Amino acid sequence: DGAGATTGTEWTGLVTGLVWAGAREVVTTTVPVVEDGTTAMLDAELVSSIRSDGAVKGLIDWQRLMAARYRNDPFSRDSEPYRWAQTVAVRSAAH
C-alpha cells in the first residue's frame, strides 16, 4: 500500500514524500500487494509500459491490457483484478 490509503497515512506516506521531493507523477498501489513471481512479472510489464508512455498513459495502457487478459481468461490467477486494479497514478498539483 504505497499510497497509504488503507492505513490512513496518505498525507505522510511514500507518495506524498515523493511528490514533495519533486516527483510530478507517482504510480502506486492502494492496497497491500501479493509478493510472488507473478507480481514481479506484472511489475516488469508495468514499468516497461511506463517507460514507453509515461506514468499515467503507461498505467492506463497496462490496466487495459490486464482487463483484456482477464476478460479472455477470467479463471487465470495471473490476471485477476486484485493484481492490477488497485494500482493508481498520482499527479502533483504543479503538473
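The structure is a predicted model, with a mean pLDDT of 86 for the protein and 85% of its residues reaching 70 or more. Its largest pocket has a volume of about 260 Å³ and is lined by 17 residues, with helix α2 giving the most to that lining.

**Confidence**

- Within the protein, confidence is highest in helix α3, which spans residues 55–72 and has a mean of 97.
- Confidence is lowest in helix α1, residues 14–20, where the mean is 81.

**The largest pocket**

- Of the 17 residues that line the largest pocket, those lying nearest its centre are T29, V33, D43, Q86 and T87.
- Two elements, β1 (25–29) and α2 (37–53), are the ones that give two or more residues to this lining, and the contribution of α2 amounts to six residues.
- By residue class, the lining of the largest pocket divides into ten nonpolar, five polar and two charged residues.

**Residue T38**

- T38 is found in helix α2, the element that gives the most to the lining of the largest pocket.
- The relative accessibility of T38 is 16%, and T38 therefore counts as buried, since the cut-off for that class is under 20% relative accessible area.
- When its neighbours within four places in sequence are left aside, T38 is in contact with D78 and R83.

Definitions and conventions
Residues numbered from 1 in each chain as written. Predicted model: local features only at pLDDT ≥ 70, side-chain atom pairs only at ≥ 80, totals over all residues. Heavy atoms only, no water. 1 Å grid on protein atoms, 1.4 Å probe; cavity = no way out; pocket = protein on both sides within 12 Å on 5 of 7 lines; lining within 4 Å. Points joined across faces, edges and corners; volume = space filled by probe spheres on them. Helix = DSSP H or I, 4+ residues; strand = E, 2+ residues; numbered from the N terminus. Nonpolar A, V, L, I, M, F, W, Y, C, P; charged D, E, K, R; others polar. Buried < 20%, exposed > 50% of the residue type's maximum accessible area, 1.4 Å probe, protein only. Contact = heavy atoms within 4.5 Å. pLDDT = per-residue confidence, 0-100.
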